[in-house]
Structure formats: structure tokens, C-alpha cells
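The following exercises are to be worked with the sequence and the 3D structure at hand.

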Amino acid sequence: MKIMVIVAHPNLADSVLNKALMNEVSKLPDVRVRDLYQEYPDWQIDVEREQQLLLQYDRIVFQFPFYWYSCPPLLKKWFDDVMVHGWAFGPGGDHLKGKEFIVATTTGGGENVYRAGGHNWFTMSEYLRPFQATVTRCNGTFLPAFVSYGPSQAELPSEAKRYVEHIQSSVYALARGQ
Ligand SMILES: Cc1cc2nc3c(=O)[nH]c(=O)nc-3n(C[C@H](O)[C@H](O)[C@H](O)COP(=O)(O)O)c2cc1C
């Protein structure tokens with residue numbers, strides 16, 4: 001299976017967690033890892049190039065730090081620019097049919113603050129619904145997200161390993177949490 005990871009971090013130089021995850025996934029020979037903010041410093045997304053790239057991969061991973069209960073703004077712009085009517089959805093918009101999508105995000109808050117009654121009120125599955133809806137509207141398959149809830153420095157290696165396992169897992173294993 002061909003996998004493309006699109007990393008969207010506005011300040012990767014100062015990142016700890018996304019950098020560690022990105023470094024680990026970059027070791028995989030068959031996975032293409034991209035840095036969106038580095039590729040588009042002027043935010044002028046090359047839509048045709050992005051669409052051609054999407055066609056080449058079976059599974060697309062969006063990796064980003066969770067910012068204000070969503071993704072950083074360049075990734076939002078990527079969705080707005082690339083997932084357009086007549087290409088990604090609507091009449092003639094069947095190019096992403098059968099492709100799999102995974103959101104991989106990192107949070108500042110721990111897992112137990114992301115629940116009803118907790119400090120952040122809702123679960124990450126609830127917060128990620130706009131991504132699920134977008135992918136589903138575009139005929140893609142939305143797979144269970146990878147969420148890294150602020151591990152300690154000592155936990156980084158095992159977290160990075162958990163990440164590479166997650167994004168390479170079969171649909172069957174992911175759906176069953178194996
Ligand atoms: C602008 C901004 C908004 C943030 N919003 C959230 C948030 O809504 N929820 C949360 O858990 N963490 C939030 N954080 C914390 C980041 O998610 C956290 O620092 C990041 O995932 C750590 O990854 P990194 O080391 O790769 O930067 C925010 C951080 C910034 C700078």
C-alpha cells in the first residue's frame with residue numbers, strides 16, 4: 001500500500017512531538033512524508049500538483065498539532081483549495097473514491113481531559129468530526145485517528161513506534177483497535 005503523510009506544523013523547528021513522529025515515519029522506505037509549511041511558505045498551494053499526488057497514494061495521513069480544537073490554518077486552506085467540487089465531490093468528483101485517510105494529531109491536554117465533563121468537554125472523536133465528514137463527503141474512507149496526548153520525553157520513542165504501527169495497520173485491525 002502506498003502511503004503519503006502530509007505534516008502541517010507552523011513551527012516544526014520548535015516542535016518536540018510532531019518532529020519525533022515525523023522522524024520515525026521518515027525511516028519507512030515506502031512512505032512519502034511531506035512538510036506542508038516548508039513546501040508552501042507563501043501559502044500558494046499548487047492544486048493540480050496536490051491532486052495528482054493524491055491520485056498516486058492509497059492512504060493519506062494528515063499529521064498536525066491540535067490547535068484550537070482543529071488543525072493549523074495552512075492545512076485548512078489545503079482542504080479548501082484541493083478538495084473542490086467536480087474533483088473531490090459532486091458530479092465528476094469521484095477521484096478519491098476508495099482512498100483511505102487518517103488524521104494523526106498531537107494535543108497539549110491529556111486523554112482524560114478529552115471527555116464529557118472533563119476540562120476539554122468532548123472526546124477527540126467528537127472534535128475530529130469535521131475531518132470525518134469532509135473525507136466521507138469526498139468518497140474516502142475515514143479510518144480511526146491516531147491521537148498523541150502529550151507524552152513525556154521518555155515516552156517519545158514508544159509513541160513514535162505506536163504511530164508508525166497505526167498508519168501501516170490494516171483497515172480491519174484499526175477498526176477493531178488491534
Ligand atoms: C495556537 C495553539 C493552539 C493550541 N490549541 C490546543 C488545543 O485546542 N488543544 C490542546 O490539547 N492543545 C492545544 N495546543 C497545544 C499543542 O497541541 C501542543 O503544544 C502540540 O500538539 C505539541 O506538539 P509539538 O511538540 O509538535 O509542537 C495549542 C498550541 C498552540 C500553539
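**Exercise 1.** What covers the buried residues of helix 4?

*Solution.* The model is a predicted one, in which local features need pLDDT of at least 70, side-chain atom pairs count only at pLDDT 80 or more, and totals for chains, interfaces and linings use all residues. Residues are numbered from 1 along each chain as its sequence is written, and side-chain values use heavy atoms, with hydrogens and water left out.

Step 1. Helices (H or I, at least four residues) and strands (E, at least two) are DSSP runs, numbered from the N terminus. A residue is buried under 20% relative accessible area, exposed over 50%, and partly exposed in between (1.4 Å probe, protein chains only). Contact means heavy atoms within 4.5 Å.

Step 2. Identify the buried residues: in helix 4 they include L74, L75, W78, F79 and V82. These residues lie on the same side of helix 4, because they cover an arc of only 150° around the axis; the arc is that of the directions from the helix axis to the C-beta atoms.

Step 3. Name the cover. Among the elements over these residues are strand 1 (3-7), helix 2 (36-39), helix 3, strand 3 and helix 6 (129-137).

**Exercise 2.** Determine how helix 3 and helix 4 are oriented towards each other.

*Solution.* Step 1. Two packed helices are described by the angle between their axes and the distance between the axes. Axes are lines fitted to C-alpha atoms, for helices over the stretch in contact, and angles run from 0 to 180 degrees between N-to-C directions.

Step 1. The axes of helix 3 (residues 47-56) and helix 4 (residues 73-82) come within 10 Å and cross at roughly 85°.

Step 2. Helix 3 and helix 4 are therefore roughly perpendicular (angles under 35 degrees count as roughly parallel, over 145 as roughly antiparallel, 65 to 115 as roughly perpendicular and the rest as oblique).

Step 3. Helix 3 contributes V47, E50, Q51 and L54 to the contact, and helix 4 contributes W78, D81 and V82.

**Exercise 3.** Describe the surroundings of V61.

*Solution.* Step 1. V61 belongs to strand 3 (residues 59-65) and counts as buried because its relative accessibility is 0%.

Step 1. Residues up to four places away in sequence are not counted; V61 then touches I3, M4, V5, I6, I102, A104, Y163 and I167.

Step 2. V61 and V103 are 42 residues apart in sequence, yet their C-alpha atoms are 5.8 Å apart in space.

**Exercise 4.** How many disulfides does the count come to?

*Solution.* Step 1. A disulfide is a pair of cysteine sulfur atoms within 2.5 Å.

Step 1. The closest cysteine sulfur to that of C71 is in C138, 14 Å away, which is too far for a bond.

Step 2. The count is zero disulfides. As for accessibility, C71 is buried at 9%, and C138 is buried at 3%.

**Exercise 5.** Is K2 buried, partly exposed or exposed, and which residues does K2 contact?

*Solution.* Step 1. K2 is located in the segment before strand 1. With a relative accessible area of 41%, K2 is partly exposed.

Step 1. Apart from neighbours within four places in sequence, K2 is in contact with Q56, Y57, D58 and R59. The C-alpha atoms of K2 and Y57 are separated by 5.0 Å, although these residues stand 55 residues apart along the chain.
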